[in-house]
Amino acid sequence: MSINVRVQGQSVDLVPGKLQNYLCEDHALYRRRAKTWTKTNVQTHIDHVRNSGLVSEMRILKLWRNQKRLDFPSFYLELTVMRALAGKIRLSLSDNVWTILEYLAESFSAARIVDPANTNNVISDDLTATEKQSIAAAARTARNAPTWEEIVR
């Protein structure tokens with residue numbers, strides 16, 4: 001649901017949405033793949049990601065996604081990072097990324113991820129089984145890489 005642009009050298013995800021009414025922060029977002037609109041709250045998304053304490057891990061996984069040319073929408077990736085580390089003891093950044101790659105390789109394809117602003121929106125439905133398998137395969141390859149430079153540059 002986002003469009004990635006570069007602004008003053010920074011990568012920024014823009015989320016085009018239509019405000020539902022001036023009394024709340026709910027938006028209608030167009031889901032290109034499903035060819036339909038969905039109701040959600042962009043500010044809830046922003047707060048959810050910002051308060052996760054996992055922004056560095058998310059940035060590394062986005063670099064990995066971009067370098068491997070994976071079709072993995074940003075918000076779906078962010079929620080997946082949170083799911084992969086949920087209930088885990090958070091260690092170093094590298095250990096956390098390693099845990100996320102393991103999750104992507106082993107559990108991601110079957111995981112059901114819902115929108116924290118509207119549980120009727122199943123974010124994991126935004127990718128096909130084949131697209132999810134491509135991400136899982138890339139994560140397995142990364143887990144087998146002998147150096148970090150082969151995972152993300």
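**Exercise 1. Is Trp-98 buried, partly exposed or exposed?**

Solution. This is a predicted model, in which local features need pLDDT of at least 70 and side-chain atom pairs count only at pLDDT 80 or more, while totals for chains, interfaces and linings use all residues. Residues are numbered from 1 along each chain as its sequence is written, and side-chain values use heavy atoms, with hydrogens and water left out.

Step 1. Recall the cut-offs. Buried means under 20% relative accessible area, exposed means over 50%, and partly exposed lies in between (1.4 Å probe, protein chains only). The areas come from the Shrake-Rupley method with a 1.4 Å probe, and for residues only the protein chains shown count as cover.

Step 2. Apply them. Trp-98 has a relative accessible area of 29%, so Trp-98 is partly exposed.

Step 3. Look at the partner. The ring centres of Trp-98 and Trp-148 are 5.9 Å apart and the planes stand at 70°, so this pair is edge-to-face. Rings of Phe, Tyr and Trp (its six-membered ring) pair if their centres lie within 6.5 Å; planes under 30 degrees apart are stacked, over 60 edge-to-face, and the rest tilted. Trp-98 sits in helix H4 and Trp-148 in the segment after H5, 50 residues apart. Trp-148 is partly exposed too, at 34%.

**Exercise 2. Describe the overall make-up of the chain.**

Solution. Step 1. Count the elements. The protein chain has five helices and seven strands. Helices (H or I, at least four residues) and strands (E, at least two) are DSSP runs, numbered from the N terminus.

Step 1. Read the order. Along the sequence the pattern is β-β-β-β-β-α-α-α-α-β-β-α.

Step 2. Of the 153 residues, 38% are buried. The chain exposes about 9,200 Å², and carbon and sulfur atoms supply 50% of this area.

Step 3. Check the contacts. A contact means heavy atoms within 4.5 Å. Among contacts between residues at least 6 apart in sequence, 55% join residues at least 24 apart.

**Exercise 3. Find the salt bridges and say what they link.**

Solution. Step 1. State the rule. A salt bridge is a side-chain nitrogen of Lys or Arg within 4 Å of a carboxyl oxygen of Asp or Glu. Side chains of opposite charge can pair when their charged atoms come close. The count here is two salt bridges.

Step 1. Take one pair. Lys-62 and Glu-78 meet at 2.5 Å, N to O. Lys-62 lies in helix H2 (residues 55-67) and Glu-78 in helix H3 (residues 74-85), so the pair ties together parts that are 16 residues apart in sequence. Lys-62 is buried at 16% relative accessibility. Glu-78 is buried at 11%.

Step 2. Take the other pair. Glu-102 and Arg-143 meet at 3.5 Å, N to O. Glu-102 is in helix H4 (residues 93-106) and Arg-143 in helix H5 (residues 129-143), 41 residues apart. Glu-102 is partly exposed at 39%, and Arg-143 is partly exposed at 23%.

**Exercise 4. Which residues do ring pairs link into a cluster with Tyr-76?**

Solution. Step 1. Start from the total: four aromatic pairs. In one of them, Phe-72 and Tyr-76 stand edge-to-face, 5.3 Å centre to centre, with 85° between the planes.

Step 1. Check burial. Phe-72 is buried at 4%. Tyr-76 is buried at 1%.

Step 2. Ring pairs link Phe-72, Tyr-76 and Phe-108.

**Exercise 5. Where do the buried residues of helix H1 lie around its axis?**

Solution. Step 1. List them. In H1 (residues 42-50) they are Val-42, His-45 and Val-49.

Step 1. The three residues cover an arc of only 55°, so they lie on the same side of H1.

Step 2. Recall the helix rule. An α-helix has 3.6 residues a turn, so residues three or four places apart point the same way.

Technical notes: The arc is that of the directions from the helix axis to the C-beta atoms.
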